[in-house]
Amino acid sequence: MFGSRTDLHIFDAGSVNGTRYCNEILLPYVRLFSGTMGLQFLFMDDNAPCHRTVAAEQLLESEDIERMDWPARSSDLNPIKHVWDFLGRRLAARTLPPVTIRELRLALQDEWAAMPQQLIDTPILSIGRRCEICLAVRGDHIPY
């Protein structure tokens, strides 16, 4: 979120389905931020199958959480994509890259904590402009 972030949530082994998305993301994080921000809150996720389950839709509706409309082809829009890219580059640049799941988890948490907040804030601030461009090109690739 702009100006702030939670601890990095790392899913334990297994697939992320609608139930896990609700229990591990929507309830503990999204509901909390929604309540804190009130009417200013607009939730943005993407069209991942676990995000669009009946359970997720019903939970958001029951909590009165407004979800941003999301185009079908939108890989350039979500600010989190740039965060994942940054984390991936930081892991690849490590002298001793992680080789176990535990090492990977710790390395990701370290890099997340060290990541400048501006790296999250800048793409968030540009979302309106990028949405306009995406609409103009009907969902095709947009420059960043």
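In which crossing does H3 pass H5, right-handed or left-handed? In this predicted model, the crossing of H3 past H5 is right-handed. The contact between the two helices involves His82, Val83 and Phe86 on the H3 side, and Leu119, Ile120 and Pro123 on the H5 side. By residue class, this contact comprises 5 nonpolar residues and 1 polar residue, with no charged residue.

The geometry of the pair was also computed. Helix H3 covers residues 80-92 and helix H5 covers residues 118-125. Their axes lie 9 Å apart and the packing angle is about 150°. H3 is therefore roughly antiparallel to H5, since angles over 145 degrees fall in that class.

The cysteines were examined for disulfides. A disulfide is a covalent bond that joins the sulfur atoms of two cysteines. The cut-off for a disulfide is a pair of cysteine sulfur atoms within 2.5 Å. Seen from Cys50, the closest cysteine sulfur belongs to Cys22, again at 9.1 Å and too far for a bond.

Cys22 has a relative accessibility of 7% and so counts as buried. Cys50 has a relative accessible area of 11% and is likewise buried, because the class takes in values under 20%.

Note on methods: Residues numbered from 1 in each chain as written. Predicted model: local features only at pLDDT ≥ 70, side-chain atom pairs only at ≥ 80, totals over all residues. Heavy atoms only, no water. Axes fitted to C-alpha atoms, helices over the stretch in contact; angles between N-to-C directions. Helix = DSSP H or I, 4+ residues; strand = E, 2+ residues; numbered from the N terminus. Parallel < 35°, antiparallel > 145°, perpendicular 65-115°, else oblique. Left-handed = near helix turned anticlockwise from the far one by under 90°. Contact = heavy atoms within 4.5 Å. Nonpolar A, V, L, I, M, F, W, Y, C, P; charged D, E, K, R; others polar. Buried < 20%, exposed > 50% of the residue type's maximum accessible area, 1.4 Å probe, protein only.
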